[in-house]
Every structure is written in C-alpha cells, then in structure tokens.
Amino acid sequence: MASGVRRLGTFLRRQLLDVLHLFDVTPAPRGQERTAAHRLRAWCADRWPHVEWQVLDHGPAGGSLIATRGAGPLLYSHLDTSLDDGGPFNRLVTGNAAPAGPLTVDGDTVAGFGLGVARGPAAAALVAFAEAGTGRLLLAGSGTHRRAGGITGLEAYTEAHPLPRSAIVAKCGPPTLLWHEPGALYLTVRVTGRSGAAMMAESATPTGGVVASAGVVLDELARWRTDYLAADPRVGQTGRACGIGAISGGWPDKPDLLPAQLRIDLYVVAGDLVEPTVLAAGLADRLRARCAESVLRDCEVEVEVEPVAAAAATPADAPVVTAARAAWLDEFGAQPPPITGWTGSTDGVVLRAHGVDTVRLGPQARPAPDGPGRDALSLAQLTAYARMYRKLLTELPA
C-alpha cells in the first residue's frame with residue numbers, strides 16, 4: 001500500500017472513531033432522532049465548517065441530518081437505532097433490559113451498541129462525505145423497518161429535495177456489492193374464539209382457551225413457511241425469508257382470564273415481486289382449513305397484510321454499479337464476489353422506486369464477545385468502505 005494511502009487510512013480512522021464515540025453517547029431510537037440530529041449537526045459544523053449541515057424534521061420527534069455540496073450522488077445511511085439502548089422494549093427482543101455498555105476499541109476491533117444496525121457505516125458515510133467535498137448526504141431518521149412507524153426520513157427528504165440519478169446505501173451487509181434488494185411485508189394472524197375463566201376451562205372456546213392451542217397455528221405456519229421458501233425463484237441477487245417475530249394473547253395482569261384471541265406477527269421477505277394480498281389470502285385459507293380439523297374449528301381466522309416495500313433492482317450495467325465495481329476492485333484487488341439469496345432489505349428499494357439507480361455496500365458486523373446487544377466491526381474494514389464511499393462521491397457524474 002502506498003504511503004499516501006496509509007496516511008489517508010490513518011486520518012480516516014481517527015475521524016471515524018471521533019464520530020463513533022459521538023454516536024455512542026447520543027441516543028437516537030427510531031422516530032425520536034431529532035435531538036441527536038441537532039447535536040450531530042452542531043458537532044459537524046464545528047468540525048467541517050466548509051459544509052452547510054442541516055436538520056430535516058419529520059413526524060412528532062423525528063429528524064435527519066442532511067448536507068449538499070454541489071451536484072453528485074446521494075450517500076445514504078440512517079441515524080436511528082432499531083432499539084433504544086436499555087429501553088423498555090429491549091427485554092421483549094433481547095431478554096435483557098440492561099444497557100449494552102460504552103463503545104470500546106481493542107486494536108482493530110470497535111464494539112458497541114447499534115454499530116451493525118447503522119452506526120458503523122453511518123460514521124463511514126459521514127466522514128467520506130465531509131472529506132469528498134461533493135455530493136449529497138442523508139443520515140435518515142426512522143430508517144429501520146417498523147410497522148405503523150409514520151413518515152420516514154427518506155420520505156421527508158424526497159418530498160423536500162430533488163433526487164439525484166444515483167445513490168449509495170451505506171449499511172452493513174454481505175462482503176460484496178448489492179444492486180438488487182428484496183421487498184418486505186408484515187403479516188398479522190388472528191385466531192379468535194370465546195373468552196372464559198381459567199377456573200372453568202370449558203367456559204372458553206376452545207376449551208382451555210385459544211392460546212392453549214397455539215401449537216396448531218404455529219405448526220401450520222411452519223409448513224406454510226417451508227412451502228413459501230421452497231417456491232423461491234431466486235431472482236437476481238435476492239431470495240426469500242420469513243420469521244415469526246411476535247406472539248401475544250391475553251392480559252398478563254389477569255391470567256385468571258382465558259383470552260379470546262391469539263395474535264401472531266410475521267416478517268416476510270420476497271426477492272421476487274410477490275402480491276401481498278394474494279399471499280395473505282392464501283395463508284388465511286390454509287390456516288382456516290387446518291383449524292377446521294382441530295379444536296380451533298369454531299374459531300375465526302384472519303390474516304392482515306402491511307406491505308413495507310416491493311423488491312427492486314438497478315440494472316447491472318448502470319453507471320453507479322459500474323463505478324462501484326471499479327471502486328471495489330481498486331480497494332480490494334478483486335471483483336465483488338457473486339451472491340444469490342440475499343434477504344436484507346433497506347431503503348434502497350424506496351430509492352429505486354423513485355427512479356434512482358442505487359447500490360448498497362458496507363462492512364460486515366458480528367456479535368461482540370464482550371456482552372449482549374453489542375456489535376463488533378473491523379476498523380480497517382470500516383476505513384476501506386469510507387474510502388470507497390468517498391471515491392464514488394467524487395467520481396460519479398451528477
């Protein structure tokens with residue numbers, strides 16, 4: 001590696017660590033990023049006064065950091081973390097409500113809360129933009145998927161600003177370049193019987209309550225998932241995925257009452273252009289048929305669907321893809337490896353839906369060994385992606 005590149009790497013590493021430490025002490029839970037966005041704007045204005053940093057407010061408390069320097073592509077990442085470090089909902093997902101602990105640096109490894117969700121690549125994007133001297137930056141609030149989550153930072157940005165021809169999504173992912181991303185949707189299954197009292201099991205329909213027979217529904221959902229994944233046409237770089245993310249029923253403060261309704265929530269990924277309403281209707285038919293053969297025969301079955309985004313692809317020969325391939329080759333000495341079956345969806349699908357040719361590339365996060373709720377990243381790798389982001393900002397046409 002040439003001495004100039006080494007010096008650049010050392011400089012970028014210092015800048016990255018400064019930003020990561022700032023992120024670490026600045027809470028930005030989804031939909032409540034406004035305070036973090038204003039604090040980050042003030043910090044950036046002091047560090048890089050030649051850039052006009054702005055905050056774009058959206059929703060009751062949402063906020064995004066934006067900046068523009070001349071023409072050029074959009075470099076996108078997101079400001080929010082999916083969970084709030086130590087917040088009340090953490091235990092529902094992680095089983096542990098304790099804070100994850102402060103950012104740590106051990107040689108080439110940086111570890112902390114939210115690094116894999118976005119803070120790692122977001123820091124790389126921020127530093128790359130500030131040093132590139134051209135292009136556009138959006139660190140969007142409300143960038144992580146959340147049902148009924150209100151307006152997102154990207155939606156607010158598209159309403160207020162003209163979009164460029166191309167965009168780079170900076171987010172952790174596979175060790176390659178993505179120009180095709182899957183879509184996603186939420187499914188809600190409700191099985192409703194009749195409530196009753198735990199002291200009189202037969203007072204409920206079915207006897208013992210609908211929650212006691214959840215296994216019938218879960219078993220059929222497992223069979224449906226197997227069939228859904230087996231039908232994956234593996235379009236382009238993407239694939240299908242499906243998981244049960246939540247099960248609920250009853251009132252925890254009154255377990256002496258047998259609830260009438262069982263609710264199961266699923267997250268579904270589709271690399272192909274699935275019709276959400278058709279998918280939901282097919283699942284509902286299967287569940288009704290299965291329940292009719294069980295103690296749930298007298299229960300109502302409903303499946304509701306909430307689309308998030310449809311799968312979308314950028315042409316493999318689009319200028320932004322060609323430029324990203326060249327930046328990858330220059331940085332790593334080889335072409336980005338091929339990939340199929342990728343199931344991670346980002347706001348790249350939203351940008352493509354607006355006609356913006358988009359690529360996604362970013363470092364690979366892993367669970368940190370020093371505690372739950374923490375991610376670990378290689379600083380050398382993070383610096384390499386920052387160099388690629390900067391190169392794309394400076395070399396892509398406006």
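Author: A crossing counts as right-handed if the near helix is turned clockwise from the far one by less than a right angle, and as left-handed if it is turned anticlockwise. Helices (H or I, at least four residues) and strands (E, at least two) are DSSP runs, numbered from the N terminus. Residue numbers start from 1 along each chain as its sequence is written, and side-chain values use heavy atoms, with hydrogens and water left out. As the model is a prediction, local features need pLDDT of at least 70 and side-chain atom pairs count only at pLDDT 80 or more, whereas totals for chains, interfaces and linings use all residues.

Helix α8 covers residues 319–332, and its angle to α10 is about 140°, with the two axes 10 Å apart. The α8 helix is therefore oblique to α10. Angles under 35 degrees count as roughly parallel, over 145 as roughly antiparallel, 65 to 115 as roughly perpendicular, and the rest as oblique. The axes are lines fitted to C-alpha atoms, for helices over the stretch in contact, and angles run from 0 to 180 degrees between N-to-C directions. On the α8 side, A323, A324, A327, W328, D330, E331 and F332 meet A384, Y385, R387, M388, K391 and L392 of α10, where contact means heavy atoms within 4.5 Å. Nine of these contact residues are nonpolar, none is polar and four are charged. In this classification Ala, Val, Leu, Ile, Met, Phe, Trp, Tyr, Cys and Pro are nonpolar, Asp, Glu, Lys and Arg are charged, and the others, Gly among them, are polar.

Helix α10 (residues 379–395) also packs with helix α4 (residues 115–132), at an angle of about 45° and with axes 8 Å apart. These two helices are therefore oblique to each other, and their crossing is right-handed. From α4, the residues G120, P121, A124, A125, A128, F129, E131 and A132 touch L382, A386, Y389, R390, L393 and T394 in α10. By class, this contact has 10 nonpolar, two polar and two charged residues.

A further pair is formed by α6 and helix α7 (residues 276–292), which pack at about 140° with axes 10 Å apart. Their arrangement is therefore oblique, and α6 passes α7 in a right-handed crossing. Here V216, V217, D219, E220, L221, R223, W224, D227 and Y228 of α6 meet L279, L283, R286, L287, R290 and C291 of α7. That contact divides into nine nonpolar, no polar and six charged residues.

The largest cavity has a volume of about 80 Å³, and the structure holds one cavity of 30 Å³ or more. On a 1 Å grid over the protein atoms alone, a cavity is a set of points where a 1.4 Å probe fits but cannot get out, and a pocket is an open set with protein on both sides within 12 Å along at least five of seven lines; lining residues have an atom within 4 Å of a point. Grid points are joined across faces, edges and corners, and a volume is the space filled by probe spheres set on the points. The lining of the largest cavity includes L22, F23, H78, A118, R119 and A122. Its largest share, three residues, comes from α4, and the lining divides into eight nonpolar, two polar and one charged.

The largest pocket has a volume of about 1500 Å³. Among its 41 lining residues, S82, L83, H145, R146 and Y186 are the closest to its centre. Elements that give two or more residues to this lining include α4 and β11 (241–248), while β13 gives the most, with four. The lining of this pocket comprises 17 nonpolar, 16 polar and eight charged residues.

Two backbone features remain. Most residues other than glycine have a negative phi, and most peptide bonds are trans. The peptide bond from T205 to P206, however, is cis, with omega near 0°; P206 lies in the loop between β10 (196–197) and α6 (214–230). S142, in the loop between β6 (135–140) and α5 (153–160), has a positive phi near 55°.
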